[in-house]
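Subject: Handover of a structure and summary of findings

Dear colleague,

Please find below the structure that I am handing over to you.

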Amino acid sequence: MFNVLKGAVIYLPASFSLSYMWNFGSLLGLALVSQVLTGFSLTFYYSAGGAFFSVQLIMFEVKYGWLLRILHSNGASMFFLFIYIHIFKGLIYGSYRLGLVWLSGVIIYFLMMGIAFTGYALIWGQMSYWAAVVITSLMTSLPFLGKYLVWWIWGSFSVCENTLKFFYSLHFILPWVLIVLVMLHLFFLHFSGSSSFLFCHGDYDKVHFFPSFWVKDGLGIIFYFGLILFSFLFSFVLSDPMIFVESDSMASPTHVVPEWYFLYAFTILRSVPDKLLGVILMFGSVFILMILVFPKIYFMILDNILLFFVYCFMWSFFWLTWAGHYPTDYPFNYFNLFFTLLYFGLITSIYFLNCLVIKIFS
């Protein structure tokens with residue numbers, strides 16, 4: 001076991017060209033540890049019965065409870081910021097060529113979205129309550145079994161305390177599943193090696209992971225101290241003010257808005273008038289990334305053209321995120337549909353471009 005550990009963290013071959021853009025993998029590990037520790041500490045004082053008031057108890061009565069909560073809340077934003085940068089870096093440098101690494105990463109990302117959503121609902125404020133109503137109600141678009149599935153999740157015929165207990169259980173259990181998937185992700189990465197600035201996987205540019213990359217990844221602790229400082233100075237700047245209002249099932253907000261890291265998916269959901277199609281597109285916005293592994297391309301050709309498509313993809317992602325704050329009135333309804341089509345079209349274009357390269361050079 002000790003020899004395996006040495007091979008994984010000391011003698012691991014790594015490209016000498018890895019820059020700080022490759023630090024976000026280790027930063028995600030740091031964020032995961034932080035979220036698990038702060039979340040586990042919060043469970044001691046959280047109660048699904050009277051959830052909103054138990055959050056206030058943590059904030060005002062539990063010693064340093066306010067610190068745990070703002071670190072956990074802002075840590076989720078840090079987590080998603082890092083994972084989006086990690087995904088964009090992977091697209092730029094063709095990390096989808098590492099098939100199992102990429103597929104496991106997409107599954108981790110999807111699982112993270114589920115964990116974040118269930119955690120957001122646990123606040124049981126006005127916005128989180130109605131976000132739970134909106135998202136769970138989407139399952140009614142499924143033919144035949146949709147409404148029965150929703151009733152099972154609700155534990156009743158509407159969102160209630162039983163629903164909150166269901167979310168609480170998922171939010172506690174899923175992070176442990178996430179840890180297992182992260183370990184598999186690292187195993188696949190160590191087996192295949194990572195991408196690099198050189199767009200290659202040869203052994204001719206490799207050096208030992210220790211000590212240089214240990215020092216470089218160790219600088220990530222600065223980001224965590226930055227999170228602590230941000231949490232002190234701007235504790236709730238990323239949160240909606242309606243989370244401070246107790247949930248009221250008789251009065252919905254004028255405009256339900258999720259957390260910023262879900263805004264792009266929320267915009268895609270609302271970009272089409274058909275409910276079922278919107279749900280398919282919303283889930284497809286994550287899983288379409290998986291198609292990039294199927295050309296099984298092991299070399300980078302036309303990387304400047306691919307880079308152009310990736311930058312356009314990032315631009316469409318930023319637009320969809322920004323537009324999620326606003327109602328789907330004119331002209332947003334047309335722009336949202338255009339950028340939704342652009343989002344899917346660009347990923348598909350990268351896929352076909354890689355297929356074309358294989359066809360030409362095979």
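A cavity here is a set of grid points where a 1.4 Å probe fits but cannot get out, and its lining residues are those with an atom within 4 Å of a point. Please note that this is a predicted model.

Cavities

By this rule, two cavities of 30 Å³ or more were found. The largest cavity holds about 780 Å³ of space. Its lining consists of 34 residues, and those nearest its centre are Gln35, Gly39, His72, Gly119 and His171. Helices α2, α3, α4, α5 and α8 each give two or more residues to this lining. In terms of class, 24 of the lining residues are nonpolar, eight are polar and two are charged.

The second largest cavity has a volume of about 70 Å³. Its lining is made up of Tyr84, Ile87, Phe88, Tyr109, Tyr264, Ser285, Val286, Leu289, Phe313, Phe317 and Tyr343. Two or more of these residues come from each of α4, α12 (275-287) and α13 (303-323), and the largest share, three residues, belongs to α4. This lining has 10 nonpolar residues, one polar residue and no charged ones.

Nonpolar core

The largest nonpolar core has 101 residues, of which Phe80, Tyr84, Leu91, Tyr109, Tyr264 and Tyr343 touch the most other members. Residues up to four places away in sequence aside, Tyr109 is in contact with Phe80, Ile83, Tyr84, Ile87, Tyr264 and Val286. Tyr109 is also one of the residues that line the second largest cavity.

Thr321 belongs to helix α13. With a relative accessibility of 16%, Thr321 counts as buried, because the cut-off for that class is under 20%. Leaving out residues up to four places away in sequence, Thr321 touches Trp260, Leu263 and Tyr264.

Helix α8

Does the length of this helix agree or disagree with its number of residues? Helix α8 (residues 161-192) has 32 residues, which at 1.5 Å a residue should span 46 Å; the C-alpha atoms at its ends are 46 Å apart, so the two agree. The buried residues of α8 are Thr163, Leu164, Phe167, His171, Leu174, Pro175, Leu178, Leu181 and His185. Among these, His171 is also listed with the residues nearest the centre of the largest cavity. The cover over the buried residues of α8 includes α2 (24-42), α3 (51-60), α4 (65-92), α5 (99-121), α6 (126-137) and α7 (146-154). Just after α8, Gly193 adopts a positive phi of about 85°.

Backbone points

Most residues other than glycine have a negative phi, and most peptide bonds are trans. The following sites may therefore be of interest to you when you review the backbone.

- Tyr64, in the loop between α3 and α4, has a positive phi near 60°.
- Trp124 is placed in the loop between α5 and α6, and its phi is likewise positive, near 60°. At 12% relative accessibility, Trp124 counts as buried.
- Tyr330 and Pro331 are joined by a cis peptide bond, with omega about 0°. Pro331 is found in the loop between α13 and α14 (332-361).

Yours sincerely

Key
Residues numbered from 1 in each chain as written. Predicted model: local features only at pLDDT ≥ 70, side-chain atom pairs only at ≥ 80, totals over all residues. Heavy atoms only, no water. Helix = DSSP H or I, 4+ residues; strand = E, 2+ residues; numbered from the N terminus. Expected span 1.5 Å × (residues − 1). Buried < 20%, exposed > 50% of the residue type's maximum accessible area, 1.4 Å probe, protein only. Contact = heavy atoms within 4.5 Å. 1 Å grid on protein atoms, 1.4 Å probe; cavity = no way out; pocket = protein on both sides within 12 Å on 5 of 7 lines; lining within 4 Å. Points joined across faces, edges and corners; volume = space filled by probe spheres on them. Nonpolar A, V, L, I, M, F, W, Y, C, P; charged D, E, K, R; others polar. Core = buried A, V, L, I, M, F, W, Y, C linked by side-chain atoms within 4.5 Å.
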